[in-house]
Amino acid sequence: MTRRLALLILLFLSACASPTKDLDGTVVPIGNFRAGQLIARADAEMTKGPLSRDSDREEWITSLDKALKERFNRFEGGAYYHLGVTARAYILAKPGIPIIASPKSVLIFSVVVLEDSTGKMLTPKPHQITVVEQITTKSIFGSGYTLSKKQQILGLSRQAARLTENWLRKQRWFEGPDTITFTEDDTDEG
């Protein structure tokens with residue numbers, strides 16, 4: 001019984017990890033990936049799920065833009081790749097009945113990747129990913145109670161950026177040659 005309780009506590013604490021905790025460590029390259037343009041968008045008719053707080057496209061675009069830059073501008077590979085991330089649908093949890101019905105926030109988004117040197121679209125169709133809000137000490141009773149709408153959107157955006165990185169790491173696109181050339185002027189700090 002004690003082992004099970006310890007295991008449950010360990011699982012709970014690992015689920016509480018911040019989606020940006022890994023940003024503080026050493027950057028592990030994704031092959032030759034270097035972020036070119038990071039384009040955050042939201043569908044004009046973004047779907048709002050049931051029992052959700054209201055939000056607008058600009059809130060999602062601003063938050064996704066921040067999260068993408070925070071995560072992907074760290075990579076210094078030898079070839080530029082452009083990412084387009086589009087928010088498609090969301091649920092922003094409202095206050096519910098703690099523990100019994102503590103609603104979770106959700107974001108559904110899609111990703112496209114373009115190789116800069118060839119102009120080739122690497123994703124024949126957008127890759128769709130779903131993010132369910134991470135359990136934290138602030139959201140255990142429902143993030144609608146403890147987090148503002150802005151905090152919920154930023155948390156989902158950061159998780160979206162992290163899941164995008166995880167997905168990119170599974171692709172073989174970044175094993176090609178370096179295509180960026182630096183001139184002497186680029187390296188002078190004059």
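**A mixed sheet and the helices packed on it**

Four strands form an open sheet in the order β1-β2-β3-β4, and their pairing is mixed; strands here are DSSP runs of E with at least two residues, helices are runs of H or I with at least four residues, and both are numbered from the N terminus. Two strands count as paired if DSSP finds at least two bridges between them. The edge strands, each pairing on one side only, are β1 (33-48) and β4 (127-132). From one strand to the next, the twist averages 25°.

The model is predicted, with local features requiring pLDDT of at least 70 and side-chain atom pairs counting only at pLDDT 80 or more, while totals for chains, interfaces and linings use all residues. Residues are numbered from 1 along each chain as its sequence is written, and side-chain values use heavy atoms, with hydrogens and water left out.

Within the sheet, strand β2 (residues 79-91) pairs with strand β3 (residues 106-115) in the antiparallel sense over 10 bridges.

Helix α2 lies across β1, β2 and β3 and runs at about 160° to β1; angles run from 0 to 180 degrees between N-to-C directions, and axes are lines fitted to C-alpha atoms, for helices over the stretch in contact. Helix α4 packs on the sheet as well, touching β2, β3 and β4, and its direction makes about 135° with that of β4. Contact means heavy atoms within 4.5 Å.

The helices also pack on one another. The axes of α2 (residues 57-72) and α4 (residues 149-169) are 8 Å apart, at an angle of about 45°. That angle makes α2 oblique to α4, given that angles under 35 degrees count as roughly parallel, over 145 as roughly antiparallel, 65 to 115 as roughly perpendicular and the rest as oblique. The residues that meet include Trp-60, Leu-64 and Phe-72 in α2, and Ile-153, Leu-156 and Leu-168 in α4.

Val-113 is buried, with a relative accessible area of 0%; buried means under 20%, exposed over 50% and partly exposed in between, with a 1.4 Å probe and protein chains only. Leaving aside residues up to four places away in sequence, Val-113 touches Tyr-81, His-82, Leu-83, Lys-120, Met-121, Leu-122, Thr-123, Trp-167, Leu-168 and Trp-173. Its C-alpha atom is separated by 9.2 Å from that of Pro-124, 11 residues apart along the chain.
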